[in-house]
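Hi,

Here is the structure I promised to pass on. Have a look, and my notes follow below.

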Amino acid sequence: MTILVTGGAGYIGSHICVELLQHGYEVVVVDNLSNSSFESIKRVKAITGKDMKFYQIDILEQEKLDLVFSENTIEGVIHLAGLKVVGESVQNPLQYYKNNLIGTLVLCEVMDKYNVKKMVFSSSATVYGIPKKVPISEDFSLGATNPYGRTKLMVEEVLRDYYISNHNWSIVILRYFNPIGAHPSGKIGEDPSGIPNNLMPYVTQVAVGKLKELTVFGNDYPTVDGTGVRDYIHIVDLAKGHMKALEKTMTSKGIEVYNLGTGIGYSVLEIIAAFEKVSGRKIPYKFAERRAGDIAICYANPLKAKIDLGWIAKRGIEEMCADSWNWQSKNMNGYS
């Protein structure tokens, strides 16, 4: 069975490709390498000892995407391709709407042409906006607060409308919380370009000396230590969640939404302390003012995924930190 992974050379995509190959799937990857590296593809092959096809194309390029489907008997799609930086989306919203929204429309049109009606879509907890309480369940009201989140929310609505128009589709929407960690081999991990936008790669780059210190935005939130609390999930657990979601698309029709998180919130300072413990490295940090749009506490209620998919996050925060450190210490400059 052949699965197409759009954005498969990225941080999340590469770990999903490992799981797919290890579960016996044939894998085809489409990625424009705008924020990823072909090196990750080579390393996935090294980890698994298996081959997969790779096409360096943009999903906006419909004729080239059509060629991918004509050359391969694709039975399902895991759709990860998209721009993902919140701040950048505020600065350049049109690029985000074009890439994330129109790219998905193009993909759906090509899928429909080749009668491929099984999709797992990479959404985000940002679609919940500013939740009134925690833990966050899938039935909470939605209202993204930035262009990135709105593109995810719009795609969710597009997919719902598409299913209403054709009940032969089987779609699973996965709302991620905060993926961190790396493959335990240390061969693949998160490799952001420039200054990291996410907490863990910032911490690991301070630990290896690439950055001087960590900036902690806000120390006056109503939390255990004043810093923001988030639900961090190990990237391998996240990838395994995609396997369960894919299995559901293969055995049933419909459209469902699932949170992928641990259901536990950790503050920024708790993450720093856990990382220092497993790495033996001191992480200097300074406080700065809160960032606009940031919220105090955000963590998932993952019960629906446990009941429907038989999936739970198994890896704790120290393992997440240890695997992040293992990746960064072995790859100081990422894939470069």
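A definition before anything else: helices (H or I, at least four residues) and strands (E, at least two) are DSSP runs, numbered from the N terminus. This is a predicted model, so to speak of local features we need pLDDT of at least 70, and side-chain atom pairs count only at pLDDT 80 or more, while totals for chains, interfaces and linings use all residues. Residues are numbered from 1 along each chain as its sequence is written, and side-chain values use heavy atoms, with hydrogens and water left out.

Let's start with helix α1, residues 11-22. Its twelve residues reach 17 Å from first C-alpha to last, close to the 16 Å expected at 1.5 Å a residue (the expected span is 1.5 Å times one less than the number of residues). Eleven of the twelve are buried, where buried means under 20% relative accessible area, exposed over 50% and partly exposed in between (1.4 Å probe, protein chains only). Among the buried ones are H15, C17 and E19. Just after α1, G24 takes a positive phi of about 90°.

Now the sheet. Seven strands form an open sheet in the order β3-β2-β1-β4-β5-β6-β11, with parallel pairing; two strands pair if DSSP finds at least two bridges between them. β3 (53-55) and β11 (254-260) stand at the edges with a single partner strand each, so one side of each has no neighbour in the sheet.

Strand β4 (residues 74-79) is mostly covered, with five of its six residues buried. β4 pairs with β1 (residues 2-6) over five bridges, and L4 has V77 as its bridge partner in β4. Three bridges join β4 to β5 (residues 118-124), where the partner of V77 is M119.

Then the rings. The structure holds seven aromatic pairs (rings of Phe, Tyr and Trp, the last by its six-membered ring, with centres within 6.5 Å; planes under 30 degrees apart count as stacked, over 60 as edge-to-face and the rest as tilted). One of them is Y285 with F287, edge-to-face at 5.5 Å centre to centre and 75° between the planes. Y285 counts as partly exposed at 36% relative accessibility, and F287 likewise at 37%.

Cheers
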